[in-house]
Amino acid sequence: MKLSQFKFKLPEGKVALEPPHRVFKNEDGTVEKVYHRDECRLMVVHRKSQTIDMFEKDEEGKDTDRCLTFRNVIDYFDEGDTMVLNDTKVFPARLYGTKEKTDAKIEVFLLRELNRELRLWDVLVEPARKIRIGNKLFFEEDGPMVAEVIDNTTSRGRTLRFLYDCPHDEFKRELFALGSAPLPRYIIDKREATPDDMENFQTIYAKNEGAVTAPASGLHFSRELMKRLEIRGVNFAYLTVHCGLGCFDPIEVEDLTKHKMSSEQMVINSEACKIVNATKESGHKVCAVGISTMRATETAVSTDGLLKEYDGWTNKFIFPPYEFGMADALITNFYQSESTMVMATAAFGGYDLVMEAYQKALDNDFKFGCYGDALLIVDD
């Protein structure tokens with residue numbers, strides 16, 4: 001398929017800048033926001049019947065005027081089904097420092113630690129034109145955190161060596177204390193990150209640190225909803241994909257077969273394989289929660305349709321047409337025009353049906369992006 005087939009107009013007002021929340025005014029006049037991650041809207045796409053649900057049904061099966069919310073996702077799963085979730089943990093990757101001598105403000109986006117002992121980090125800097133090898137960056141006015149640029153990696157990429165002499169755990173703690181939630185650029189360009197974002201931009205089951213963007217589809221799960229799913233008999237299988245920025249890289253070729261995804265580190269252990277494979281063999285549904293999870297299961301599925309253990313990297317790029325080997329259902333978000341996430345969603349749900357769903361989302365004021373509304377695709 002062609003890049004232009006995934007182009008659509010997304011008005012700025014359709015992009016969610018915060019998770020679902022309610023605003024309360026206290027007696028002292030201050031305003032408080034209470035976030036409810038499972039109260040986003042939900043659209044359900046049925047692959048076989050080619051139908052789309054946006055509203056709750058009455059006893060006769062007719063649409064009511066009540067919109068589906070993510071809490072309704074439980075109605076589409078039964079005892080013995082399994083949800084596969086990405087338990088990566090986001091770290092506070094966005095820092096702001098100043099360049100020596102000029103005091104120019106520099107954004108430093110941490111990507112990954114290259115060497116613990118030498119304090120070497122792979123980062124992105126902005127504005128990159130001001131940062132050259134040998135420059136020093138200061139992250140506190142009078143603090144000890146200083147970094148030296150020792151290499152150029154890409155047009156915006158640099159290797160930094162942090163000049164901070166202390167045990168590694170202390171260094172990491174102090175470094176992360178200076179950072180903020182690595183919200184996508186389409187949010188951070190509209191507002192600053194807040195302390196609430198470090199909690200909101202993290203799944204409630206996050207465990208293994210290493211992501212620089214959240215597995216957004218998992219953000220909708222609350223503890224209450226997961227408990228209800230557990231009571232219903234739905235299983236949870238956890239794998240780890242350390243989500244990078246590759247999914248946000250602009251695609252610069254019209255022919256999608258020529259686009260190369262950046263690699264992401266992933267781990268699937270024996271326990272996850274045991275749960276997922278038992279579900280497949282018993283004829284129940286396996287639901288991938290998020291595109292990162294779906295890319296991981298498609299990387300590690302064997303020719304017999306079962307999941308195998310995996311510890312390595314994946315640069316799997318999924319776009320139509322694609323033959324899926326594992327998931328029977330997918331939970332995802334609504335994403336920006338020409339993004340790899342839209343392409344993977346269209347591959348799973350069918351191009352025409354998913355594009356119809358996206359148009360309905362635009363027409364019915366659904367919210368797009370990582371803090372936006374949810375899309376469930378089921379195979380019925």
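Start by selecting Met 294. Leaving out residues up to four places away in sequence, Met 294 touches Ala 288, Ile 318, Phe 324, Leu 330, Ala 344 and Phe 348, where contact means heavy atoms within 4.5 Å. The model on screen is predicted: local features need pLDDT of at least 70, side-chain atom pairs count only at pLDDT 80 or more, and totals for chains, interfaces and linings use all residues. Residues are numbered from 1 along each chain as its sequence is written, and side-chain values use heavy atoms, with hydrogens and water left out.

**The core around Met 294**

Met 43 and Met 294 touch the most other members of the largest nonpolar core, which has 57 residues. A nonpolar core is a set of buried Ala, Val, Leu, Ile, Met, Phe, Trp, Tyr and Cys residues joined through side-chain atoms within 4.5 Å. Buried means under 20% relative accessible area, exposed over 50%, and partly exposed in between, with a 1.4 Å probe and protein chains only. To see where this core comes from, colour β3 (42-46), α2 (185-188), α6 (291-300), α7 (340-349), α8 (351-363) and β21 (374-378), each of which supplies at least two of its residues. Helices (H or I, at least four residues) and strands (E, at least two) are DSSP runs, numbered from the N terminus. Another core, of 28 residues, lies apart from the largest one and includes Phe 91, Leu 95, Ala 104 and Ile 131.

**Helices α6 and α7**

Then select α7, which is mostly covered, with 10 of its 10 residues buried. The buried residues of α7 pack against α6, β20 (329-333), α8 and β21. Step just past the end of α7 to Gly 350, which takes a positive phi of about 100°.

**The largest cavity**

The structure holds two cavities of 30 Å³ or more. On a 1 Å grid over the protein atoms alone, a cavity is a set of points where a 1.4 Å probe fits but cannot get out; a pocket is an open set with protein on both sides within 12 Å along at least five of seven lines; lining residues have an atom within 4 Å of a point. About 230 Å³ of space lies in the largest cavity, a volume being the space filled by probe spheres set on grid points, which are joined across faces, edges and corners. Its lining has 20 residues, and those nearest its centre are Ala 214, Cys 247, Ile 291, Ser 292 and Met 341. The elements that give two or more residues to this lining are α6 and α7, and α6 gives the most, with three.

**An open pocket**

Now select Tyr 35, His 36, Arg 37, Glu 199 and Ile 204. Among the 20 residues lining the second largest pocket, these five lie nearest its centre. About 380 Å³ of space lies in this pocket. Both α3 (195-200) and α4 (223-232) supply at least two residues of its lining.

**Aromatic rings**

Show the side chains of Phe, Tyr and Trp. There are 19 aromatic pairs in the structure. Rings of Phe, Tyr and Trp (its six-membered ring) pair if their centres lie within 6.5 Å; planes under 30 degrees apart count as stacked, over 60 as edge-to-face and the rest as tilted. Phe 91 and Phe 176 are stacked, at 5.2 Å centre to centre and 10° between the planes. Phe 91 lies in the loop between β8 (88-90) and β9 (94-99) and Phe 176 in helix α1 (residues 168-177), so the pair ties together parts that are 85 residues apart in sequence. Phe 91 and Phe 176 are buried. Move to Tyr 322 and Phe 324, an edge-to-face pair with 4.7 Å centre to centre and 65° between the planes. Tyr 322 counts as partly exposed, at 25% relative accessibility, and Phe 324 as buried, at 18%. For a cluster linked by ring pairs, select Phe 8, Phe 334, Tyr 358, Phe 366 and Phe 368.

**Charges over rings**

Finish with Arg 47, which lies over the face of Phe 348 at 4.2 Å from the ring centre. Lys 105 lies over the face of Tyr 96, at 4.7 Å from the ring centre. A charge sits over a ring if NZ of Lys or CZ of Arg is within 6 Å of the ring centre and within 35 degrees of the ring normal.
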